[in-house]
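This report goes through selected local features of one protein chain. The sequence and the structure come first.

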Amino acid sequence: MKRILARFAAVSAVAAAMMASTTSLAHADVTARYGELQAVLDAINDPDPLMRLAQLEEILKKGDATEVQLAIRTAFQVSDPNVRSLALRAHFASFRTFIVTAELPEAMQAVLDGKDQEAIKDLSGNRLYGFLKDQGFQFSLQSEYPSSEALEFQVASRNENPSADEQKSYLGAGNIRGGLINIVTNVKHGGFTRNCSFELTDYDAFTLVGRGTCNFENGFLFPVRLHLFDNETSAAGN
């Protein structure tokens, strides 16, 4: 019995030592990984603007998915147009579809929020209001972005699901200059084609905001938004 207990104690000691060793290695791996991720944050927040840009380029070339996403998110919070531009181009290169969300101009929204039923009735006949409402206040776009080095990209409007024969009629183009995006494309609207443009010029956290317009007689401008990440209610995805 004593021998059995002694053997059991020895086996237990070996097992405990192995577990301790494994835990120590795992902790070392986590600590090392923490250091790598912290280095990404430090790189993008480097006080030297050229060093920020160079280090972001290296992170993108390395291609570690977690580091790339962390670097891009961090870059969008840095007030450096060159870093933001590279981050935006790298981020857009991973898009396949994205959605530009539209809102009514303030004056129209004020009418809808008001109690003047006659004014609300008149608004229902406004062509821009009808158009945006028919589109669900969203413009669904597919993109073909060559790489993070490119400035221009192709877009295709998928509102109202154009048929295969129609799709060539709803191709457009976009470009990224600094941290800004410009998009021009045709959009299907019943039996009509509307030419729309979107200029996204400002940042609200991880959302680009700006103005859109379509070729209606009065040329109304309306607010638009593009959410950059899924958890920021973005509809963009691969």
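The model shown is predicted.

**Helix 2**

Helix 2 runs over residues 49-62. Its 14 residues reach 20 Å from the first C-alpha to the last, close to the 20 Å expected at 1.5 Å a residue. Three residues of helix 2, Arg-52, Leu-56 and Ile-59, are buried. They lie on the same side of helix 2, because the arc they cover around the axis is only 60 degrees. An α-helix has 3.6 residues a turn, so residues three or four places apart point the same way. Leu-50, Lys-61 and Lys-62, on the other side of helix 2, are exposed.

Both ends of the helix can be described as well. At the start of helix 2, Asp-48 places a side-chain oxygen within 2.9 Å of the backbone nitrogen of Leu-50. After helix 2 comes Gly-63, with a positive phi near 80 degrees.

**Aromatic rings**

The model has six aromatic pairs, counting rings whose centres lie within 6.5 Å. In the pair of Phe-76 and Tyr-203, the ring centres are 6.1 Å apart and the planes stand at 35 degrees, so the pair is tilted. Phe-76 belongs to the loop between helix 3 (65-75) and helix 4 (81-92), while Tyr-203 belongs to strand 6 (residues 192-204), so the pair ties together parts that are 127 residues apart in sequence. Phe-76 and Tyr-203 are both buried. Together with Phe-206 and Phe-229, Phe-76 and Tyr-203 form one aromatic cluster.

**The disulfide**

How many disulfides does the count come to? The count is one disulfide, and this disulfide joins Cys-196 to Cys-214 with an S to S distance of 2.1 Å. The pair links distant parts of the chain, with Cys-196 in strand 6 and Cys-214 in strand 7 (residues 207-214), 18 residues apart. A disulfide is a covalent bond between the sulfur atoms of two cysteines. The link of Cys-196 and Cys-214 is right-handed, with 110 degrees about the S-S bond. Buried or exposed, where do Cys-196 and Cys-214 fall? Both Cys-196 and Cys-214 are buried.

Notes. Residues are numbered from 1 along each chain as its sequence is written. This is a predicted model: local features need pLDDT of at least 70, side-chain atom pairs count only at pLDDT 80 or more; totals for chains, interfaces and linings use all residues. Side-chain values use heavy atoms; hydrogens and water are left out. Helices (H or I, at least four residues) and strands (E, at least two) are DSSP runs, numbered from the N terminus. The expected span of a helix is 1.5 Å times one less than its number of residues. Buried means under 20% relative accessible area, exposed over 50%, partly exposed in between (1.4 Å probe, protein chains only). The arc is that of the directions from the helix axis to the C-beta atoms. A polar contact is a pair of N or O atoms within 3.5 Å; within protein, one must be able to donate a hydrogen and the other to accept it, and residues adjacent in sequence count only if both atoms are side-chain atoms. Rings of Phe, Tyr and Trp (its six-membered ring) pair if their centres lie within 6.5 Å; planes under 30 degrees apart count as stacked, over 60 as edge-to-face and the rest as tilted. A disulfide is a pair of cysteine sulfur atoms within 2.5 Å.
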